[in-house]
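Here is a short briefing to read alongside the model. Keep the viewer open and follow the residues as they come up.

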Amino acid sequence: MVWNPLDDLSLAVDYYNIELDDEIGLPAMQQLLDEEFRLRQAGATGNTVGKVTRLSNGRIDFIDRTNANVQARKTDGFDFEGQYSFSLGNTGDYRVNVEWTYVNEYEVDFGDGLGFTDPQAFDPENRGTVSLNWALGDFGANLTWNYIDDAEW
């Protein structure tokens, strides 16, 4: 939905609902650590269990995090955008742009028998960008602020 209440003002709201099947992607780090934990609980021993290699003191030395088949991924949320342009005579033309994304749901099925799970890491609920653009003749400048929510652990 886009609304232009003024010639120089534009407001937009988009809802998205995406489902992907049979794609290639990186497994979440937490998933690999959880897999190692389950295998160790089941009796696996040694420095390398699953895709996690540990030093003799228990610290992680290496995690084999390569592309893998992802059975399914689904996400939905909203994108918001507002843009306002104005001129201040001899000082130039300005444009303020605000973009915001709210992720309602983001889940992945890695085909490991656990079904859809929220990978949490790298899964911020909110992302935003605010920019101020200035132009005067052959000159211009941009000031941009990016925001990414903390992923919940």
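In this predicted model, Glu23 and Arg73 form a salt bridge whose closest N and O atoms are 2.5 Å apart. The pair links distant parts of the chain, with Glu23 in strand E2 and Arg73 in strand E6, 50 residues apart. By the rule used here, the count comes to 4 salt bridges.

**Around Glu23 and Arg73**
- Are these two partners buried or exposed? Glu23 is buried because its relative accessible area is 18%, under the 20% cut-off.
- Arg73 is buried too, with a relative accessible area of 16%.
- The two side chains also make a polar contact of 2.5 Å.
- Leaving aside residues up to four places away in sequence, Glu23 touches Ala68, Asn69, Val70 and Arg73.

- Glu36 meets Arg40 in a salt bridge of 2.9 Å, N to O. Both residues lie in helix H1 (residues 29-41), 4 residues apart, or about one turn of the helix.
- Glu36 is buried, with a relative accessible area of 3%, whereas Arg40 is partly exposed at 30%.
- Which parts does the pair of Arg54 and Glu36 tie together? The side chains of Arg54 and Glu36 meet in a salt bridge of 2.7 Å, N to O. Arg54 lies in strand E4 and Glu36 in helix H1, so this pair ties together parts that are 18 residues apart in sequence.
- Arg54 is partly exposed, with a relative accessible area of 22%. Salt bridges that share partners join Glu36, Arg40 and Arg54 into one network.

**Strand pairing**
- Strands E3, E4 and E5 form an open sheet in the order E3-E4-E5, with antiparallel pairing. E3 (48-49) and E5 (60-63) stand at the edges with a single partner strand each, so one side of each is left without a neighbour in the sheet.
- Strand E4 (residues 52-54) is joined to E5 by 3 bridges, and Thr53 has Phe62 in E5 as its bridge partner.
- Strand E1 (residues 2-6) runs antiparallel to E2, also with 3 bridges. A hairpin joins E1 to E2 through 2 residues, and Trp3 stands opposite Leu11 in E2.

**A nonpolar surface patch**
- Met1, Val13, Tyr15, Phe78 and Phe80 form a nonpolar patch on the surface, with about 500 Å² of accessible area together. Strands E2 (9-25) and E6 (68-87) are the elements that give two or more residues to this patch.
- One of its members, Phe80, is found in strand E6 and counts as partly exposed because its relative accessibility is 34%.

Definitions and conventions:
Residues numbered from 1 in each chain as written. Predicted model: local features only at pLDDT ≥ 70, side-chain atom pairs only at ≥ 80, totals over all residues. Heavy atoms only, no water. Patch = residues over 30% accessible without salt bridge, like charges linked within 9 Å, V, L, I, M, F, W, Y side chains within 5 Å. Areas by Shrake-Rupley, 256 points an atom, 1.4 Å probe, with all protein chains shown as cover. Buried < 20%, exposed > 50% of the residue type's maximum accessible area, 1.4 Å probe, protein only. Pairing = 2+ DSSP bridges. Polar contact = N/O pair within 3.5 Å; in protein donor to acceptor, adjacent residues only side chain to side chain. Contact = heavy atoms within 4.5 Å.
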